[in-house]
Amino acid sequence: MGYVAVKGGTNAIEASIERLKYDRIKDEEILEVNTILATMKAMIDHVMSESSLYSPLLAALAIKQAEGSMEEAVFLMRAHRSTLPRLYYSQTVESESMLVERRISASFKDIPGGQLLGATRDYTHRLLDFELIDEDQNHNEQWLRDYKDKLAEIKALDGVQYFPKVVDYLREEGLFKRHEMDNEKPDDITKQSLHFPASRSARLQVLTRGQTGAVTSLGYASLRGYGQVHPTVGEVRVGDLPIYVAHPNEMEQNEENEFYIGEIKVTEVESFVPVTVKNEQNESELEFEIGYGICYGQNETKAIAMSILDQCLEHPEAEFPTHDEEFVLLHIDSVEATGFISHLKLPHYVTFQSKLDSVRQVKKGGFKDEN
Amino acid sequence: MMKRRKRTQILIQSDHRLAKDFAESIIQNYNCQEIVAPHYGLTMVKMRESAKNSLFYIGEVLVTEAKVEINNQIGIGIVVGMQDELARHLAIIDAAYKANLPETMEWNSQLQRAEQQVINKRAKEQAELFETKVNFETMDV
């Protein structure tokens, strides 16, 4: 069979796109973007984090348009991002400035400032709540009134509290190494292709925008033995970080003349990892290092997994795939991974025919030899 | 005169009617020329990680930006999200401060009151959140 060049399919594609719309609206239910914003926060956080674009409204719109497909929503967000100008770079954000809404430690029960559970599913029964099928607005309003009445009795604090880092307390005790401030300009993988060995800044940027499932799986693989990192979570904190930008062209630049532009919610994790090091007497001793994880929104599993992978990639000498930065960094991006896998379903008629021809030739030759 | 960092924080965190009132008082009395209408763009967020104290980019945040000119002074309004009206008002207020308009002198007390309201609101919300603070009891075993 020779190669057959084909064209056409335009009508079928148009009909298919119509069919897509039909499938979305045929049940005559409209999901408002505001409903997604109010009730699908975890999904919005995943989409913002994986698309590396912080905008709850756009993420909700992408989820609606993608009919809940995460990979499609992230793709839409990345595509939209590419149409927008980058107007500013923020001043350096320090996570001590976070207005914390949740903060826990698995390492110490008594941490300065205390453990704040905030809103978490960690202690809920994983049983389906069938009452949600017929959720009643009046009932919800009554619940909210009762809850707010209860809250009204709580006296305000004297001022807003900011929490110290658990690790600072340990650094003061000399249990963790103090690192000097490293103000080297970070690499930006959206401006320059990733190259290896990757800088720490590039690694963190790739990890934080990695697909939640992929980052979690590789972090898990490291814990199970395909890696050498088994941390204790020193601190997980979730909260809002203030963002400031400098004036683009004022001669006099000082902190007081920066613009405050708003806040972004993030999850940040510091994992404590025991490592064996040689001391000055060349004796082996135990020391702790920190694996760092952070992502947009509240996504604690991803941030913890990122902290494991960060520590893995800081030790490339280990012979495990999770310590190999090319293996990790080139396979966790949602758009790249889903894009490459899904392109396999697109027409490959010519390449496949070529492979088929090769196999036929080999088989023909094989029969001749046997005869 | 209140500095930009503090005043933008108050104007964005408090009720946006305050920015609207300030901006409208300027529009009524001065020629405010729109240099750049509110439009959307990105701000790349630079963070310091706490393991090695190095810098990296966590990602971009969608912002609305506007620019307004008053008395040859250009003011900029930038705010996270899609907030056209607030960005325009912030730009007018920024231009008013840059042009040293007398109205800005009168805003200080209102800004300070608004700041206190924001602090009180956040302190109350934090106290409510502290209901979820864990009180450990050590068990005798």
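Me: Two strands pair if DSSP finds at least two bridges between them. Which residue stands opposite B:His39 in β2(B)?

Reply: This is a predicted model, in which local features need pLDDT of at least 70 and side-chain atom pairs count only at pLDDT 80 or more, while totals for chains, interfaces and linings use all residues. Residues are numbered from 1 along each chain as its sequence is written, and chains are lettered from A and ligands numbered from 1 in the order in which they are written. β1(B) and β2(B) run antiparallel and are joined by 13 bridges, where strands (E, at least two residues) and helices (H or I, at least four) are DSSP runs numbered from the N terminus. The residue opposite B:His39 in β2(B) is B:Glu65.

Me: β1(B) and β2(B) form a hairpin; which residue in the turn has a positive phi?

Reply: Six residues lie between the two strands of this hairpin. With a phi of about 60°, the residue in the turn is B:Asn53.

Me: Over how many bridges do β2(B) and β3(B) pair?

Reply: These strands also form a hairpin, with two residues between them and a positive phi near 50° at B:Asn71. B:Thr64 of this pairing stands opposite B:Val79 in β3(B). The sense is antiparallel, and the number of bridges is eight.

Me: Which residue of β1(B) is the bridge partner of A:Tyr89?

Reply: β2(A) pairs with β1(B) (residues 33-48) in the parallel sense over three bridges. In β1(B), the partner of A:Tyr89 is B:Met44.

Me: Which element gives the largest share of the side of chain A that touches chain B?

Reply: The contact (C-beta atoms, placed from the backbone, within 7 Å) takes 68 residues from chain A and 51 from chain B. Elements of chain A that give two or more residues include β4 (232-245), β5 (259-278) and β6 (284-296). The largest share, six residues, comes from β5(A).

Me: How many of the nine residues of α8(A) are buried?

Reply: A residue is buried if 20 or more other C-beta atoms lie within 10 Å of its own, exposed if 12 or fewer, and partly exposed in between, with C-beta atoms placed from the backbone. Cover for the buried residues of α8(A) includes α9, β6, α10 and α11 of chain A together with β2 of chain B. α8(A) is largely enclosed by the rest of the structure, because the number of its residues that are buried is nine.

Me: How are α9(A) and α10(A) oriented to each other?

Reply: The two helices pack with their axes 8 Å apart, at an angle of about 55°; axes are lines fitted to C-alpha atoms, for helices over the stretch in contact, and angles run from 0 to 180 degrees between N-to-C directions. Under 35 degrees counts as roughly parallel, over 145 as roughly antiparallel, 65 to 115 as roughly perpendicular and the rest as oblique. The orientation of α9(A) and α10(A) is therefore oblique.

Me: Which strands stand at the edges of the open sheet of chain A?

Reply: The four strands of this sheet have the order β3-β4-β5-β6 with antiparallel pairing. Each edge strand has a single partner, so one side of each is left without a neighbour in the sheet; the edge strands of chain A are β3 and β6.

Technical notes
Two residues are in contact if their C-beta atoms, placed from the backbone, lie within 7 Å.
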